[in-house]
Amino acid sequence: MAAIASTLVTTFFSSKSINRPRKNISILAMAVSPAVIVGGGRVGRALQEMGSGQDVLVKRGEVIPLHFEGPILVCTRNDDLEAVLEATPKSRWKDLVFFQNGMLEPWLESKGLGVADQVLAYFAVAKLGEPPIDGKTDTNPDGLTAAYGKWASALAARLHAGGLSCKVLDKEAFQKQMLEKLVWIAAFMLVGARHPGATVGIVEKEYRSEASSLIAELASAAAAEKGIVFEEGIEERLCAYARAVAHFPTAVKEFKWRNGWFYSLSEKAIGEGKPDPCPLHTAWLKELKVI
């Protein structure tokens with residue numbers, strides 16, 4: 001999910017840090033396509049370090065260059081996306097690559113960007129300027145970072161140059177993985193919020209039955225809404241993820257982009273006189289006075 005902190009990139013912290021020599025990374029970076037990078041935080045700076053030195057870093061409020069061929073990597077908060085779009089010449093919108101967590105589809109579609117490039121980033125940047133650390137779970141030892149769209153291969157090459165894993169997926173496969181990530185953050189954050197002080201790891205270890213019930217409910221609602229079928233083992237994959245980021249705190253944040261999408265499905269169904277597809281989710285949101 002972006003980390004749950006300011007980067008909005010859901011990350012894995014692992015004791016198995018990347019030990020590839022910097023010299024090798026530099027050699028690989030020579031083949032990385034130059035990019036415009038929007039956002040000078042930990043993720044934006046890390047992506048710049050993976051480049052060949054020809055990237056253009058654009059900070060908050062600055063205009064995206066018009067005459068620059070290549071991808072535009074958007075590494076800002078979700079709530080800053082409107083401003084990023086306004087600062088980007090419309091002729092360059094097709095080159096935007098979004099790194100944000102959460103459900104972006106409604107916003108993207110409202111802007112005519114329904115097929116926009118996206119990245120699900122699962123890597124850790126502990127401090128500004130430090131190299132990123134890839135992470136893997138016991139159910140996904142090859143890593144979970146994935147990219148979709150016209151610039152997906154270029155983005156994967158950049159991450160590989162930084163010693164990170166990245167899969168290039170088609171739209172359907174990417175959507176499934178995006179929805180799994182959304183289910184994870186909505187479920188674990190909400191269950192954790194019901195138990196003050198609970199980290200993601202505590203939720204997985206001590207309140208797994210609650211998390212499992214919510215995962216099943218949200219996954220079922222998401223699958224029905226999008227007309228997809230998740231691969232078997234979704235609960236174990238998401239719990240493995242939780243074990244990998246066990247120290248993360250929990251809180252219901254960025255409601256519009258996360259739990260809010262599932263609540264919108266509930267509102268829609270109830271408005272049509274149908275049963276709430278996410279009754280447990282709705283009840284716990286009310287319990288915490290989120291809605």
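## Close-up views of a predicted model

A search of the whole structure finds zero disulfides, a disulfide being a pair of cysteine sulfur atoms within 2.5 Å. This is a predicted model, in which local features need pLDDT of at least 70 and side-chain atom pairs count only at pLDDT 80 or more, while totals for chains, interfaces and linings use all residues. Residues are numbered from 1 along each chain as its sequence is written, and side-chain values use heavy atoms, with hydrogens and water left out.

View 1. Cysteine 75 counts as buried because its relative accessibility is 13%; buried means under 20% relative accessible area, exposed over 50%, and partly exposed in between, using a 1.4 Å probe and protein chains only. Cysteine 278 is also buried, with a relative accessibility of 0%.

**View 2. Helix H11 and its neighbours.** Helices (H or I, at least four residues) and strands (E, at least two) are DSSP runs, numbered from the N terminus. Helix H11 covers residues 279–287, and within this helix His281, Thr282, Trp284 and Leu285 are buried. Which helices do the buried residues of H11 pack against? They pack against H6 (171–193), H8 (208–226) and H10 (259–271). Here is a handy rule for looking at any such view: an α-helix has 3.6 residues a turn, so residues three or four places apart point the same way.

**View 3. Helix H8 crosses helix H9.** The axes of H8 and H9 (residues 234–244) come within 10 Å and cross at roughly 125°. Axes are lines fitted to C-alpha atoms, for helices over the stretch in contact, and angles run from 0 to 180 degrees between N-to-C directions. That makes H8 oblique to H9, since angles under 35 degrees count as roughly parallel, over 145 as roughly antiparallel, 65 to 115 as roughly perpendicular and the rest as oblique. On the H8 side, the contact is made by Arg208, Ser212, Ile215 and Ala219, and on the H9 side by Ile234, Glu235, Glu236, Leu238, Cys239 and Arg243; contact means heavy atoms within 4.5 Å. These residues divide into five nonpolar, one polar and four charged. Ala, Val, Leu, Ile, Met, Phe, Trp, Tyr, Cys and Pro count as nonpolar, Asp, Glu, Lys and Arg as charged, and the others, Gly among them, as polar.

**View 4. Helix H6 meets helix H9.** The axes of H6 and H9 come within 10 Å and cross at roughly 65°. Glu180, Lys181, Val183, Trp184 and Phe188 of H6 meet Ile234, Arg237, Leu238, Cys239, Tyr241 and Ala242 of H9. By class, this contact has eight nonpolar, no polar and three charged residues.

**View 5. Arginine 92 in a loop.** Look for arginine 92 between helix H3 (81–86) and strand E4 (96–98). Is arginine 92 buried or exposed? It is buried, with a relative accessible area of 5%. Leaving aside neighbours within four places in sequence, arginine 92 is in contact with Pro65, Leu66, Phe68, Gly70 and Ile72.

View 6. Most residues other than glycine have a negative phi. At 22% relative accessibility, glutamate 254 counts as partly exposed.

Terms used: A crossing is left-handed if the near helix is turned anticlockwise from the far one by less than a right angle, and right-handed if clockwise.
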